[in-house]
Amino acid sequence: PVLGLVMFDFQRHSTVAERYAYPAMLAVASVVCLIARSGRLWRYGMILWAGMLGYTAHLATRAWEDSPRLYATALQYTPGSILAGNGLALIRAAQANDPAAEALFLNVLKHRPADPVTQANLGQFYLSRGRPAEARPHLEAAAEQFPQNASVWNGLGMSRAMTGNLPAAR
């Protein structure tokens, strides 16, 4: 399966759907080949193949309904996806008291323990839930890899201040 979150530089000028490798484009390529080739049996086979690819692409569009479904579908195919895991976790974190957010962040870290974006996001999540002691190691790990990120340092200072370590918070 090619369903996944795929970004590339030329995307704004292409016919590929946003955030996807778009298998229906194979049907277009097949039609071009069909025109270039001769032979009745081959043509019928290519038309059938193009139809099957089109139908498969149609079925895949169900995952495009909204962002949570998009990310959840991507995680079914690539459970270790940093982008899909973080995206879905951030959406769930924005919802009040959704316990799935923490599990999603931890799942990404299970696959990529040193990912600084996930470390920062999980640290901010813990801070927003009033859990500064749990936030601190994640924000420290993110700060090591993102020394210029003011948001990470602000979160780290907040976690230190909230746990009573005011000198380190400054």
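Which members of the largest nonpolar core touch the most other members? In this predicted model, where local features need pLDDT of at least 70, side-chain atom pairs count only at pLDDT 80 or more and totals for chains, interfaces and linings use all residues, the answer is Leu 122 and Phe 125, out of the 22 residues in that core. Residues are numbered from 1 along each chain as its sequence is written, and side-chain values use heavy atoms, with hydrogens and water left out.

A nonpolar core is here a set of buried Ala, Val, Leu, Ile, Met, Phe, Trp, Tyr and Cys residues joined through side-chain atoms within 4.5 Å, and buried means under 20% relative accessible area, with exposed over 50% and partly exposed in between (1.4 Å probe, protein chains only). Helix H3 (67–77), helix H4 (82–94), H5, H6, helix H7 (132–145) and helix H8 (150–162) each supply at least two residues of this core, and the largest share, 5 residues, comes from H6.

The chain as a whole has 9 helices and 0 strands, these being DSSP runs (H or I, at least four residues, for helices; E, at least two, for strands) numbered from the N terminus. Buried residues make up 34% of the 170 residues. Among contacts (heavy atoms within 4.5 Å) with a separation of 6 or more, residues 24 or more positions apart account for 37%.

Rings of Phe, Tyr and Trp (its six-membered ring) pair if their centres lie within 6.5 Å, and planes under 30 degrees apart count as stacked, over 60 as edge-to-face and the rest as tilted. By this rule the count comes to 2 aromatic pairs, listed below.

| Pair | Centre to centre | Angle between planes | Class |
|---|---|---|---|
| Phe 105 and Phe 125 | 5.9 Å | 55 degrees | tilted |
| Phe 125 and Tyr 126 | 5.9 Å | 55 degrees | tilted |

The pair of Phe 105, in helix H5 (residues 100–111), and Phe 125, in helix H6 (residues 116–128), links distant parts of the chain, the two residues being 20 residues apart. Phe 105 is buried, with a relative accessible area of 0%, and Phe 125 is likewise buried, at 6%; Tyr 126 is also buried. Phe 105, Phe 125 and Tyr 126 form one aromatic cluster.

Leaving aside residues up to four places away in sequence, Phe 125 touches Ala 93, Ala 101, Glu 102 and Phe 105.
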